[in-house]
Amino acid sequence: RAFSEEYRTGSYEILMTLPFSRAEVVLGKFLSALAMALVMIAPTLLYPLSVGATGELDMGPVAGGFAGALLLAAAYTAIGLFASSLTGNQVVAFIISVAINFFLYILGSILSLVPPFLVGILQFFSSSYHFDSIAKGVIDSRDIVYFLSLTAVALYLTHFVHREKH
């Protein structure tokens, strides 16, 4: 809804008259949507606190899980922003966003169904594979680079759509 609703109502033209570049608008919308996602994740911090109060807790997977959730939220938010920039209909934008994010997630689950030569490629593009690795408490630079790259590519595509469309 970040851009699609603005296209529909015509407020995007007003936004573009403000003294902000297109990149700043895209980044501002991304950061505000990401902040909202983090607000929704924040209450889950109570789970490890309550478990830690009653027993011993391995902080590696807990910290990895929250780091992975932050990176996954950033990537999925950027993809949602890209989908919203493609259309003036927020329902269509939602469907596009869910389809892309679901495809990236499900790739990790279908690895046993594909030929062996495709496993490495599909595993590389699978968001669930990279998230599961981080959630185990293993912070690997390949997983971090994957999520940051996915976020950057989606934000670049969003900026590109705005530059070409308006």
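**Salt bridges and burial in a predicted model**

Colleague: Does E5 count as buried or exposed?

Modeller: E5 has a relative accessibility of 15%. Buried means under 20% relative accessible area, exposed over 50% and partly exposed in between (1.4 Å probe, protein chains only), so E5 counts as buried.

The model is predicted: local features need pLDDT of at least 70 and side-chain atom pairs pLDDT 80 or more, while totals for chains, interfaces and linings use all residues. Residues are numbered from 1 along each chain as its sequence is written, and side-chain values use heavy atoms, without hydrogens and water.

Colleague: How many residues apart in sequence are the parts tied together by E6 and K29?

Modeller: The side chains of E6 and K29 form a salt bridge at 2.7 Å, N to O. E6 is buried at a relative accessible area of 17%, and K29 is buried at 17%. E6 belongs to helix α1 and K29 to helix α3 (residues 22-41), so the pair links parts whose separation in sequence is 23 residues.

Colleague: What is the N to O distance between R163 and E164?

Modeller: R163 is partly exposed at 40% relative accessible area, whereas E164 is exposed at 53%. Their side chains meet in a salt bridge, N to O, at 3.8 Å.

Terms used:
A salt bridge is a side-chain nitrogen of Lys or Arg within 4 Å of a carboxyl oxygen of Asp or Glu. Helices (H or I, at least four residues) and strands (E, at least two) are DSSP runs, numbered from the N terminus.
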